[in-house]
Amino acid sequence: MASALSLRDARRHARAHFTSPAERRGLLIAFEGPDGSGKTTQRKLFKKWLQSEGYDVVTTKWNSSELIKPIIKPRKNARALSPEEFSLLHAADFRHRVEQQVMPALWQGKLVIADRFLFTGLARDVARGLDLDWVLKLYTPLLWPDLVFYFSVSPDTSGRRVTATRTPNYYESGRDVTNLDDPVESYHRFITRVIKEYESLAVIFNMITVDAEQSMSDQHYRIRELFKEGITRPWSDWNEEAVAEWLMVAGGE
Amino acid sequence: MTERSASLSPKSATAAGTLIAIEGLGDQALVKAAKAELDDVPRAMRGGCSVWDASGIFGDLVIAADDAGHASARTLLLLYAADLAFRLRWEIRPALNKHRVVAAAPYVGTAMAFGRAAGIDVEWLKNLFLFAPRPNRIKTVPAARGARDRSGFVEFVCERLAAHPDGPKRRELRDHIWAELKR
């Protein structure tokens with residue numbers, strides 16, 4: 001369909017907007033890592049600190065689209081999703097949040113913290129036996145965060161922290177693919193696979209690894225330092241296509 | 001862990017039975033065409049007709065809160081693929097595995113036509129449906145003229161996108177999808 005804006009114009013508009021020296025540009029920071037790695041705690045501490053520094057902060061969480069989450073939740077509860085369906089619905093949830101929450105906030109110069117980003121989908125889906133290339137392409141056009149913090153923990157630590165307070169649910173423990181009845185045993189087996197995928201992705205996508213076995217305060221101060229070093233990076237040209245599509249198709253401004 | 005090999009080989013799954021893709025506009029027109037195809041098959045060989053939204057995903061989308069936000073063409077296509085994965089798992093593959101003839105109305109072609117009409121790049125569309133086996137035969141049917149056949153996938157997505165203030169006109173998008181289907 002003809003759009004009011006051509007792709008070339010949209011790309012130019014995107015680039016001009018995000019590289020303008022006149023204004024503080026929007027920043028996207030992703031927190032990634034397995035369950036029990038403490039990233040949500042760190043995300044909350046980080047957000048408070050950023051607000052005290054004058055940043056306008058928006059948070060987006062995994063699987064939280066108001067449109068798609070009501071589709072996923074009952075199907076998860078009914079244990080009705082195959083790995084492909086699980087993957088596709090989470091990619092839809094992600095896409096919807098990118099278009100409705102992340103892009104508008106970035107365009108307005110806000111700082112977006114993503115509590116889990118597309119790497120969560122990649123690690124979990126590949127751990128379920130799906131092809132990495134297929135899953136990665138579901139998430140295109142890719143929106144690259146300015147910084148990705150990967151909270152690294154061992155499978156034992158993840159399992160110990162998660163099972164200390166609750167029993168992992170069906171999909172969280174990977175029982176759909178391990179064929180194990182015991183949720184704790186299944187969780188350990190599944191999270192070992194997920195962490196292996198995360199470790200590979202952390203290298204491939206140049207994530208900043210945070211040793212999540214350290215104390216909370218040590219991690220927090222380390223994140224502050226890394227953030228100060230990282231935000232001087234220029235806007236990534238790789239994001240041009242994703243922003244241009246948002247401007248053209250998803251309603252844009 | 002039980003290793004699953006991702007079912008991303010388009011050629012493998014139809015080896016046993018016959019898959020007929022019925023592509024086009026409307027809902028009743030597609031079902032009618034699917035039934036006509038199956039009527040030509042001996043009763044014992046009929047594997048049934050798989051229709052859009054067997055999973056209920058789009059039905060759930062309709063009842064979402066008004067302020068839940070607009071779904072783009074790409075989001076709608078991801079949801080279509082999730083619905084198709086459900087249909088393949090519960091309706092299409094079981095029939096094919098029993099060496100039956102099954103009609104999928106619609107199948108991949110209708111969604112691809114919608115994607116192209118909405119400006120989505122073809123490589124992304126091809127990758128999206130890589131898990132779906134290639135049909136043995138494809139039949140493209142237009143909606144019956146004058147029929148009030150507004151409950152199909154194409155009608156659904158046209159209405160959804162046209163509802164957006166900057167979205168395309170419903171009729172224009174529908175015509176564009178039909179032009180892509182005829183290609």
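In this predicted model, Leu180(A) touches Arg175(A), Glu185(A), Ser186(A) and Arg189(A), leaving aside residues up to four places away in sequence. Leu180(A) is found in the loop that runs between H8 and H9 of chain A.

In total, 34 residues of chain A are in contact with 40 residues of chain B. On the side of chain A that touches chain B, the elements giving two or more residues are helix H3 (69–77), helix H4 (83–107), helix H6 (132–138), helix H8 (175–178) and helix H9 (183–204) of chain A. H4(A) gives the most, with 11 residues. By residue class, this side of chain A divides into 15 nonpolar, nine polar and 10 charged residues.

Stepping back to chain A as a whole, its secondary structure comes to 11 helices and five strands. The radius of gyration of chain A is 19 Å, close to the 18 Å that the globule rule gives for 253 residues, so chain A is as compact as a globular protein of that length. The C-alpha trace of chain A spans about 55 × 45 × 30 Å along its principal axes. Of the 253 residues in chain A, 48% are buried. Contacts within chain A can also be sorted by sequence separation: among those between residues at least 6 apart, 80% join residues at least 24 apart.

One such pairing of elements brings helix H1 (residues 7–19) of chain A together with helix H11 (residues 240–248) of chain A, which pack at an angle of about 115 degrees with their axes 8 Å apart. H1(A) and H11(A) are therefore roughly perpendicular to each other, and their crossing is right-handed. On the H1(A) side, the contact is made by Leu7(A), Ala10(A), Arg11(A), His13(A), Ala14(A) and Arg15(A), and H11(A) contributes Glu240(A), Val243(A), Ala244(A), Leu247(A) and Met248(A). Seven residues of this contact are nonpolar, one is polar and three are charged.

Attention now turns to chain B and its helix H4. Helix H4 (residues 108–117) of chain B packs against helix H7 (residues 170–182) of chain B at an angle of about 125 degrees, and the two axes are 8 Å apart. That angle makes H4(B) oblique to H7(B). The crossing of H4(B) and H7(B) is right-handed. Gly109(B), Thr110(B), Ala113(B), Phe114(B), Arg116(B) and Ala117(B) form the H4(B) side of the contact, facing Leu173(B), His176(B), Ile177(B), Glu180(B) and Leu181(B) of H7(B). The residues of this contact comprise six nonpolar, three polar and two charged.

H4(B) is mostly covered, with nine of its 10 residues buried. These buried residues are Val108(B), Gly109(B), Thr110(B), Ala111(B), Met112(B), Ala113(B), Phe114(B), Gly115(B) and Ala117(B). The cover over them includes strand E1 (18–24), helix H3 (73–97), helix H5 (122–128), strand E4 (137–141), helix H6 (153–162) and H7 of chain B. H4(B) is followed by Gly119(B), whose phi is positive, near 90 degrees.

Technical notes:
Residues are numbered from 1 along each chain as its sequence is written. Chains are lettered from A and ligands numbered from 1 in the order in which they are written. This is a predicted model: local features need pLDDT of at least 70, side-chain atom pairs count only at pLDDT 80 or more; totals for chains, interfaces and linings use all residues. Axes are lines fitted to C-alpha atoms, for helices over the stretch in contact, and angles run from 0 to 180 degrees between N-to-C directions. Helices (H or I, at least four residues) and strands (E, at least two) are DSSP runs, numbered from the N terminus. Angles under 35 degrees count as roughly parallel, over 145 as roughly antiparallel, 65 to 115 as roughly perpendicular and the rest as oblique. A crossing is left-handed if the near helix is turned anticlockwise from the far one by less than a right angle, and right-handed if clockwise. Two residues are in contact if their C-beta atoms, placed from the backbone, lie within 7 Å. Ala, Val, Leu, Ile, Met, Phe, Trp, Tyr, Cys and Pro count as nonpolar, Asp, Glu, Lys and Arg as charged, and the others, Gly among them, as polar. The radius of gyration is taken over C-alpha atoms; the globule rule is 2.2 Å times the number of residues to the power 0.38. A residue is buried if 20 or more other C-beta atoms lie within 10 Å of its own, exposed if 12 or fewer, and partly exposed in between; C-beta atoms are placed from the backbone.
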